[in-house]
Amino acid sequence: MYNTAKKLWVGELRTSKGNTIVFYDGQLPQASPGRVYMFHTVRNTIVEFVEDIVKANLHDLDDEQTAAAMAEFGDAWKAARAEFMSKHQSRIDLSKVPDTAPPRKAKPAAEPDEVADSDDDIPDFDDSDDDDDDNYDEMGDNLDD
């Protein structure tokens, strides 16, 4: 069974259609939940597998078989990985990306409107009480009505 703790695991996928060598890379972006990405040497591409189905069919290779698989499929694996990573840019470290936004333009300072003299435009308020308060009750209703 494949080991997800390893940076790179090389093993054999045994199915009814035949056996093939697969590569699991822990540095690839995570697949959808319940799925796993592996390089399929027969298809020569990275394939998304249903993890519960495929992991029962994965088998470890011994050191000699692993070295032979790396020698035979290592270059194809690296090419497929580079292509896959260029399509899945979710692993870019944004702290290393230079700021390419245009510089902010300073807002021009607003010129104040013409200051109006406070006494010229406001009419005087006459607060004289010319009404006879005896004609109204406490609620302000006219008693003559």
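Biologist: Is tyrosine 37 buried or exposed?
Modeller: Tyrosine 37 counts as buried because its relative accessible area is 15%. Buried means under 20% relative accessible area, exposed over 50%, and partly exposed in between, with a 1.4 Å probe and protein chains only.

Biologist: What kind of model is this?
Modeller: The model is predicted, so local features need pLDDT of at least 70 and side-chain atom pairs count only at pLDDT 80 or more, while totals for chains, interfaces and linings use all residues. Residues are numbered from 1 along each chain as its sequence is written, and side-chain values use heavy atoms, with hydrogens and water left out.

Biologist: Where does tyrosine 37 lie?
Modeller: Tyrosine 37 is part of strand S3. Helices (H or I, at least four residues) and strands (E, at least two) are DSSP runs, numbered from the N terminus.

Biologist: Which residues is tyrosine 37 in contact with?
Modeller: Leaving aside neighbours within four places in sequence, the contacts of tyrosine 37 include Tyr24, Leu28, Ile46, Val47, Phe84 and His88. Contact means heavy atoms within 4.5 Å. Tyrosine 37 and valine 47 are ten residues apart in sequence, and their C-alpha atoms are 5.6 Å apart in space.

Biologist: How many aromatic pairs are there?
Modeller: The count comes to four aromatic pairs. One of them joins tyrosine 37 and phenylalanine 84, edge-to-face, at 4.8 Å centre to centre with 70° between the planes. This pair links distant parts of the chain, since tyrosine 37 is in strand S3 and phenylalanine 84 is in helix H2 (residues 63-87), 47 residues apart. Both tyrosine 37 and phenylalanine 84 are buried. By the rule used, rings of Phe, Tyr and Trp (its six-membered ring) pair if their centres lie within 6.5 Å; planes under 30 degrees apart count as stacked, over 60 as edge-to-face and the rest as tilted.

Biologist: Which residues form an aromatic cluster?
Modeller: Phe23, Phe39 and Trp77 form one aromatic cluster.

Biologist: Turning to aspartate 25, what does it touch?
Modeller: Not counting residues up to four places away in sequence, aspartate 25 touches Lys7, Leu8, Trp77 and Arg81. Aspartate 25 is found in strand S2 (residues 18-25). Its side chain reaches the backbone nitrogen of glutamine 27 at 2.9 Å.

Biologist: Why does aspartate 25 count as buried?
Modeller: Aspartate 25 counts as buried because its relative accessibility is 5%.

Biologist: What about phi of asparagine 44?
Modeller: Phi of asparagine 44 is near 60°, a positive value in a residue other than glycine. Most residues other than glycine have a negative phi. Asparagine 44 is placed in the loop between strand S3 (35-40) and strand S4 (45-50), and it counts as partly exposed because its relative accessibility is 44%.

Biologist: And the protein as a whole, how many helices and strands?
Modeller: The protein has two helices and five strands. From the N terminus on, these elements run β-β-β-β-α-β-α.

Biologist: How much of the protein is made up of buried residues?
Modeller: Buried residues make up 23% of the 145 residues. As for contacts between residues at least 6 apart in sequence, 45% join residues at least 24 apart.

Note on methods
Polar contact = N/O pair within 3.5 Å; in protein donor to acceptor, adjacent residues only side chain to side chain.
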